[in-house]
Each structure stands twice: as structure tokens, then as C-alpha cells.
Amino acid sequence: MIDLFYWPTPNGWKVTIMLEECELPYKIVPIDIGGGDQFKPDFLRISPNNRMPAIIDYEPADGGDPISVFESGAILEYLADKVGKFLPQEPRERARVLQWVHWQMANLGPMMGNANHFKNYGRNIASDPAQLEYGVKRFVGEVDRLSGVMDAQLSVNEFLAGSEFTIADMVSWPWARLVGRMLDESAWETFPNLKRWVDLIHQRPACYKGYHVGRELGQRELSSEEEKKRREILFNQTNEKVRAAREEAAKAAG
């Protein structure tokens, strides 16, 4: 059994999709990132970066004590090695897949996250819309560039790392499917190969199921005060704020 510390976001969906594809039994442990669950002592012990997702595998391949893993890319690599699927063992093919996994973790995820923040969340936070202009231009521009990178790769390959479906696809798809939201729905016409791939992955039963796991968790309607508090927790974190949240959580835990 695997415990998955999770909230329904693109980074969380990576792992639910992988678990469904691998047909591994797992239990969802909700981590309400807007409510501050990521600062609770028990969670910080397995995810010191106070970010979900994270897992605890109670039946590791070596038969030893439970193993915890944080960071979505590391989790997918760990699970692929555990089940012997979706990540080749041959060094050249393995490198071909992992380079796209790391590309997503360093590029597509962060750039789309920042684009989403400035374009969609920022307008509800900034007092002066002009403050957002540079951030929107910078990160939306990067989303456009990275979409072009994927489209070019997919123009000569069925999947991101070649002819086989791998963790490179699973780690990238939850973010790539948001291209229309980050740019414009008409952008799909500019990236037809990317659109073909997004639709292809979505047709996989395990992907569809993993993408819909725990959808109800993030759908509760919030009061304006609750929404304000969630924004304070989610955005503009500093070392001091994180430290204070950890200390407060530790006190509350006794």
C-alpha cells in the first residue's frame, strides 16, 4: 500500500495518473495546501520543502522499512523503478526519458505556475494592474516558447521521449493540458502536434481516472475571509513566514 499526500493540482495529478497506470494500491491523504496542511509536523517529516505531493511506500521493492519520497518527478522515477514500467533500464533510452522529466520539472511546471499566478490569481491581489504586466508578459511568453518546444518534439515523435508512453508524458501532461488557459484557446491551432498528444493521453483510461481523483477536495465554496487567508498561505511565502507556520503547527500538535 502507498499513502499519497495529495491535493488536486497538476503536480498531484502526475502521481495519481502514475499510480493508476501502474495499478498500484494507494490511499489518498488530503493535504489542503490553502489550509496550511503542508506545514504540519507529520507532513514536514516526509516533505521538508512543505510541498505536496509526497508518498510513503509501505512495501518497497527491497522488502525493508517504508520509504518516503517527495517531489513529483522523483516520485514517478521511484514508482517506475518499483514496477519496472514506463522508464527504460537501458542507459541511452533511460536518459532520453529522464531529460524530458527534468525539462518539465525545471521549465514547464514552474513557468506555467508563474504564468497562472500573474495572469489569473494576481489580478485579485495586486492593487495596481500595471504591476502585473511584466510578470504576465515574461511567463506567458515562456509558456508560448515551451509549447513550441513540445510541439516540435511531438511533430516527429508520438510521445515526448519517443515512440513509447513513459513518465515523461505523465509528468508533463497535467500542465500541458492547460496551454489554452495560459495562452488562449486559439493557441491549440498553433500547436497541432501538442494538441494531438494532449488528446491522446487523455484517452488513456488510467490517465482519465487519475486526473479525476479527489476533485471534490478543492470544490468547497469559500467565504471572502477564507479566500483571503488561503492566499496568504499560498503566496508570498518567506523563510520567516514558513518558520512561523512550522512553529505554530508544532505547538498545535502538542
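Glu 23 is exposed, because its relative accessibility is 70%. Exposed means over 50% relative accessible area, buried means under 20%, and partly exposed lies in between (1.4 Å probe, protein chains only). Glu 23 sits in the loop between α1 and β2. Helices here are DSSP runs of H or I with at least four residues, strands are runs of E with at least two, and both are numbered from the N terminus. Glu 23 is not a glycine, yet its phi is positive, about 55°.

This is a predicted model: local features need pLDDT of at least 70, side-chain atom pairs count only at pLDDT 80 or more, and totals for chains, interfaces and linings use all residues. Residues are numbered from 1 along each chain as its sequence is written, and side-chain values use heavy atoms, with hydrogens and water left out.

Look for Glu 71 in the loop between β4 (67-70) and α3. Glu 71 counts as partly exposed because its relative accessibility is 33%. Another backbone feature is the cis peptide bond between Met 52 and Pro 53, with omega about 5°. Pro 53 belongs to the loop between α2 and β3 (54-57).

Now go to Gln 38, in the loop between β2 (26-30) and α2 (41-44). Gln 38 is buried, because its relative accessibility is 2%. Its side chain reaches the backbone oxygen of Ile 33 at 2.9 Å. Contact means heavy atoms within 4.5 Å. Beyond its neighbours within four places in sequence, Gln 38 has contacts that include Ile 31, Phe 43, Asn 50, Ile 233 and Gln 237.

A pocket is found on a 1 Å grid over the protein atoms alone: it is an open set of points where a 1.4 Å probe fits, with protein on both sides within 12 Å along at least five of seven lines, and lining residues have an atom within 4 Å of a point. The largest pocket holds about 1700 Å³ of space. That volume is the space filled by probe spheres set on the points, which are joined across faces, edges and corners. Its lining has 46 residues, and Thr 9, Ile 33, Tyr 121, Trp 175 and Leu 234 lie nearest the centre. Two or more lining residues come from each of α1 (10-22), α4 (91-121), α7 (179-182) and α11 (224-234). Helix α4 gives the most, with nine. By type, the lining splits into 18 nonpolar, 18 polar and ten charged residues. Nonpolar here covers Ala, Val, Leu, Ile, Met, Phe, Trp, Tyr, Cys and Pro; charged covers Asp, Glu, Lys and Arg; the others, Gly among them, are polar.

Stay with α4, which also carries Asn 116. Asn 116 is buried, because its relative accessibility is 13%. Its side chain makes a polar contact with the side chain of Asn 120 at 2.6 Å. A polar contact is a pair of N or O atoms within 3.5 Å; within protein, one must be able to donate a hydrogen and the other to accept it, and residues adjacent in sequence count only if both atoms are side-chain atoms. Leaving aside neighbours within four places in sequence, Asn 116 touches Tyr 121, Arg 181 and Met 182.

Charge pairs come next. A salt bridge is a side-chain nitrogen of Lys or Arg within 4 Å of a carboxyl oxygen of Asp or Glu. The whole structure has eleven. One joins Asp 81 and Arg 94, at 3.1 Å from N to O. Asp 81 lies in helix α3 (residues 72-83) and Arg 94 in helix α4, so the pair ties together parts 13 residues apart in sequence. Arg 94 is buried, with a relative accessible area of 17%, whereas Asp 81 is partly exposed at 36%. Glu 77 joins Asp 81 and Arg 94 in a network of salt bridges. Another bridge links Asp 42 and Arg 45 at 2.0 Å, N to O. Both Asp 42 and Arg 45 are exposed.

Lys 195 pairs with Asp 199, the closest N and O atoms being 2.7 Å apart. Both lie in helix α9 (residues 192-202), four residues apart, about one turn of the helix. Lys 195 is also in contact with Trp 188. Trp 188 sits in helix α8 (residues 187-190). Trp 188 is buried, with a relative accessible area of 11%.
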